[in-house]
Amino acid sequence: MLGYIWQYVYSSFLRYWLKWLVRQATGTCELQRICSGYQPGMARTTRAEYSLRSSKNKVLRGALETSKDNLVQRVDAIMKEKSIKPQKDPKFKERFHICLLQITGYSSLYASVEDLRKEIFSSDKPEHEAMLFKLWQLLMPAVKLESRITKQWGDIGFQGDDPKTDFRGMGLLGLINLVFFSENYTAEAQQVLSHANHPKLGYSYAIVGINLTEMAYSLLKSGALKPHFYNTVQGSPELQHFHQLYCYLAYEFDKFWVAEEPESIMHFNQYREKFHNIVKAHLQDPDVSLTLTVGSGN
C-alpha cells in the first residue's frame, strides 16, 4: 500500500520538481540527459520512453503516437518546446530520433504481427497454398508430397491430413514463421525436424513451431520484447526482425528439449513453461540480444 502511495506522490508531484531542479542546475532537460548519459539501445530508449509517457506536456506525450513519416517534425517540435539548441547539443536530434523510431516502430510492429495473426489460412488463396507447399519442399526436399490432403503432413509435425486446421490459433503468422525459419536457416530447420522425429524424444515439429509463434506474439504484445528490439535494431523494427526472433526461439527450444530429455510429449506444457521462463529471464538482462548466431543454411 505504501509503495502505491509513494509511486503516486512521486509521479504526480516530486518527479516534476526534481526534473525542474536538475534542469536549473545542469541547463539540460531530462531527454537531453538521457540521450547523452546512456548508451544507445535498451538503456537509452526505455528511459526516453518512460520520460515521454510520464510527461504532462502534450507535445512530448504525442510523440509516442507519431507516424514514422512525421517523426522528424515531431523531434523538431519537442526541441522547440524544450528549448534545445542544436548548436549547444548537436547530437541530441539524431539520438532522440533513433529512440522515437524504436519506440513507435515497436507499436507498428505489433500492429503488423496482429494483422497476420488475424488473417485466416485459406485453401482458396494460391499464395497461402504456395507457402504451405514451400514449407514441405524446404523440409523434405527428397520426398514428393503425394497429394494436398495426406497423412504425410504428419512427417513435419502437423496433426491431421490437412494442415490448415492447425493454423486457426495463430493464423497466417504461424505458417510464415515456419517458412521463414526453413528458408533462411534450412540446415538448422532440417536438423530441428530430425530431432522432432526422434522415436523417444520427438515432438510435433509444426505444432510446436506454431506454439512458439504464440509465445513470441505474447511476449511482443506484453512489451517484454522491447529490450531485445531496442538493443538489436537501430531504427524501426520490422516484420523480418520478429521472424528472426521466432527463429531464435525455434532453434533454442529444440536445444532445450533435447538437453532436458522429457519422459513424454505429454509433459510438453511443463517444459514449454520452463523454456518460457528462461526466455523471460534473458529479457531482464539490459544487454539482451535473442539472436540466432548459427550460419544460414542457404
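Throughout this tour, contact means that heavy atoms lie within 4.5 Å of each other. This is a predicted model, in which local features need pLDDT of at least 70 and side-chain atom pairs count only at pLDDT 80 or more, while totals for chains, interfaces and linings use all residues. Residues are numbered from 1 along each chain as its sequence is written, and side-chain values use heavy atoms, with hydrogens and water left out.

**The whole chain**

Begin with a cartoon view of the chain, which has 13 helices and 0 strands. Helices (H or I, at least four residues) and strands (E, at least two) are DSSP runs, numbered from the N terminus. Next, display the surface: the chain exposes about 15,800 Å², of which carbon and sulfur atoms supply 54%. Accessible areas come from the Shrake-Rupley method with a 1.4 Å probe, and for residues only the protein chains shown count as cover.

A residue is called buried under 20% relative accessible area, exposed over 50%, and partly exposed in between (1.4 Å probe, protein chains only). Of the 298 residues of the chain, 44% count as buried. Among contacts between residues at least 6 apart in sequence, 65% join residues at least 24 apart.

**Helix α6 and Gln102**

Select residues 92–118, helix α6, and find Gln102 within this helix. Is Gln102 buried or exposed? At 1% relative accessibility, Gln102 counts as buried. Now show what surrounds Gln102: leaving aside neighbours within four places in sequence, Gln102 is in contact with Thr45, Phe229, Tyr230, Val233, Gln234, Gly235 and Pro237.

Move along α6 to Glu94, which lies in this helix as well. Glu94 is exposed, with a relative accessible area of 58%. For a distance check, pick the C-alpha atoms of Glu94 and Val75: the two residues are 19 apart in sequence and 9.2 Å apart in space.

**The nonpolar core**

In soluble globular proteins, nonpolar side chains tend to be buried together. A nonpolar core is here a set of buried Ala, Val, Leu, Ile, Met, Phe, Trp, Tyr and Cys residues joined through side-chain atoms within 4.5 Å. Select Leu52, Phe96 and Phe181, which touch the most other members among the 86 residues of the largest such core. Then select helix α12 (residues 239–260), which supplies the largest share of this core, 11 residues.

Centre the view on Phe96. Apart from neighbours within four places in sequence, Phe96 is in contact with Leu31, Cys35, Leu52, Val75 and Ile78.

**The cysteines**

How many disulfides does a search of the whole structure find? The search finds 0 disulfides, a disulfide being a pair of cysteine sulfur atoms within 2.5 Å. The closest cysteine sulfur to that of Cys35 belongs to Cys99, at 4.6 Å, which is too far for a bond. For Cys29, the closest cysteine sulfur is that of Cys35, at 8.3 Å, again too far for a bond. Cys35 is buried, with a relative accessible area of 1%, and Cys29 counts as buried at 2% relative accessibility.

**The crossing of α8 and α9**

Select α8 (residues 171–184) together with α9 (residues 186–196). Their axes come within 5 Å and cross at roughly 115°. Axes are lines fitted to C-alpha atoms, for helices over the stretch in contact, and angles run from 0 to 180 degrees between N-to-C directions. Show side chains here: Phe181, Ser182, Glu183 and Asn184 in α8 meet Thr186, Glu188, Ala189 and Val192 in α9.

Within α9, select Ala189, which counts as buried at 0% relative accessibility. Leaving aside neighbours within four places in sequence, Ala189 is in contact with Leu139, Phe181, Ser182 and Tyr205. The C-alpha atoms of Ala189 and Leu178, 11 residues apart along the chain, are separated by 8.9 Å.

**Two loop residues**

Most residues other than glycine have a negative phi. Select Ser83, in the loop between α5 (71–81) and α6; its phi is near 55°, a positive value. Ser83 is partly exposed, with a relative accessible area of 48%.

Finish at Glu261, in the loop between α12 and α13 (268–282). Phi of Glu261 is near 50°, also a positive value in a residue other than glycine. Glu261 is exposed, with a relative accessible area of 53%.
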